[in-house]
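Subject: Structure for you to look at

Hello,

Please find the structure below, with the sequence alongside. My notes on what was found follow after it.

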Amino acid sequence: MFTRAIIRPPAANFAEGLTTVDLGVPDYQRTLEQHERYCAALEQCGLTLTRLEADARYPDSTFVEDTAILTERCAILTRPGAESRAGEVEAMREVLAAFYPTLSAIVAPGTVDGGDICEAGEHFFIGLSERTNEAGAEQLSRLLTEAGYTSSCVDIRGVNLPGLLHLKSGLSYLGDNRLVVVDELAAHEAFQGYDLVRVLPEEFYAANCVRVNDTVFLAAGYPLFEETVRRLGYRTIALEMSEFRKMDGGLSCLSLRL
Ligand code: CIR
């Protein structure tokens, strides 16, 4: 059960962040509205929010998930793979110190973005990507092992799917041994033994969804996927994500849940 989430609203220069997709410039007002609805949905699920100040020094800093990996037993500060985001971690250190007695950290030459780390109960999938390198994955794997978890790597660097910035852009864990996965990743050996919920190619953005206690948050506008999740018995909340998508962001990256 999550009881809390950490969020940071987008700053006025949000549109100056990094992106690999060509979907236009986000509208700031709409971005704020979408973010506020996301926060309201978290509160509706019973979570208490730690609302950080918008930070214009880092236009991507609303994507707080990339700065840390939070588990029931440990918290690990990342070392983001994009230089423009490196400074985001320091601020998160202070915030997390209030909730965790000790914090571990990924160190150079390792890089890890939280968006590449998919928790699946006692197991963690670690994406190797443009942001998360082998050294970072090894450090993280060791820290997770020390905490009693297992992990495996999934290399997405050769996968040809525009918008697949992080592993979790194409993979989510619903609980109940169920993984949501895009076609391009479905055959990976790491996912054997799980029930796979496939996302159709035309709806691939929907693969980044988040189970928040008894509810699955999903991106609005992907009706087939939403229907699939409902039929599996989950309550759903569909959230408009158009402005975050323009900056390669998904639902999971807008909060750190604990
Ligand atoms: C970036 O390129 O770092 C941001 N524009 C998007 C980060 C999205 N984070 C995530 O999916 N975990």
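Asn 177 lies in the loop between strand 9 and strand 10. Helices (H or I, at least four residues) and strands (E, at least two) are DSSP runs, numbered from the N terminus. This is a predicted model, in which local features need pLDDT of at least 70, side-chain atom pairs count only at pLDDT 80 or more, and totals for chains, interfaces and linings use all residues. Residues are numbered from 1 along each chain as its sequence is written, and side-chain values use heavy atoms, with hydrogens and water left out.

Asn 177 has a phi near 65 degrees, which is positive although the residue is not glycine. Is Asn 177 buried, partly exposed or exposed? Its relative accessible area is 32%, so Asn 177 is partly exposed. Here buried means under 20% relative accessible area, exposed means over 50%, and partly exposed is in between (1.4 Å probe, protein chains only). Asp 176 lies in the loop between strand 9 (171-175) and strand 10 (178-182). Its phi is near 55 degrees, again a positive value in a residue other than glycine. Asp 176 is partly exposed because its relative accessible area is 46%.

A cis peptide bond

The peptide bond from Ala 108 to Pro 109 is cis, with omega near 5 degrees. Pro 109 lies in the loop between strand 5 (104-105) and strand 6 (117-120). As background, most residues other than glycine have a negative phi, and most peptide bonds are trans.

The ligand

How many residues surround the ligand? There are 14, and the closest are Leu 18, Asp 60, Arg 85, Arg 131 and Met 247. A residue counts as near a molecule or strand if one of its heavy atoms lies within 4 Å of it. By class, this shell holds five nonpolar, three polar and six charged residues. Ala, Val, Leu, Ile, Met, Phe, Trp, Tyr, Cys and Pro count as nonpolar, Asp, Glu, Lys and Arg as charged, and the others, Gly among them, as polar.

The ligand sits in the largest cavity. A cavity is a set of points, on a 1 Å grid over the protein atoms alone, where a 1.4 Å probe fits but cannot get out. A molecule sits in one if more than half of its atoms lie within 2 Å of its grid points.

A backbone N or O atom of Leu 18 is 2.7 Å from a nitrogen atom of the ligand. In the side chain of Arg 131, an N or O atom is 2.8 Å from an oxygen atom of the ligand. A polar side-chain atom of His 166 is 3.2 Å from an oxygen atom of the ligand. On its own, the ligand has 340 Å² of accessible area, and the protein covers 98% of that. Accessible areas come from the Shrake-Rupley method with a 1.4 Å probe; for residues, only the protein chains shown count as cover.

Glu 243 is in helix 6 (residues 242-245). Glu 243 counts as buried because its relative accessibility is 1%. Its side chain and that of Lys 246 are joined by a polar contact of 3.0 Å. A polar contact is a pair of N or O atoms within 3.5 Å; within protein, one must be able to donate a hydrogen and the other to accept it, and residues adjacent in sequence count only if both atoms are side-chain atoms.

Arg 37 lies in helix 1 and is partly exposed, at 46% relative accessible area. Arg 37 and Glu 240 are 203 residues apart along the chain, and their C-alpha atoms are separated by 8.4 Å.

Gln 192 lies in the loop between helix 4 (183-186) and strand 11 (195-199). Phe 191 is also found in the loop between helix 4 and strand 11. Gln 192 is exposed, at 63% relative accessibility, whereas Phe 191 is buried, at 1%. From C-alpha to C-alpha, Phe 191 is 32 Å from Arg 37, and the two are 154 residues apart in sequence.

Regards

Conventions: 1 Å grid on protein atoms, 1.4 Å probe; cavity = no way out; pocket = protein on both sides within 12 Å on 5 of 7 lines; lining within 4 Å.
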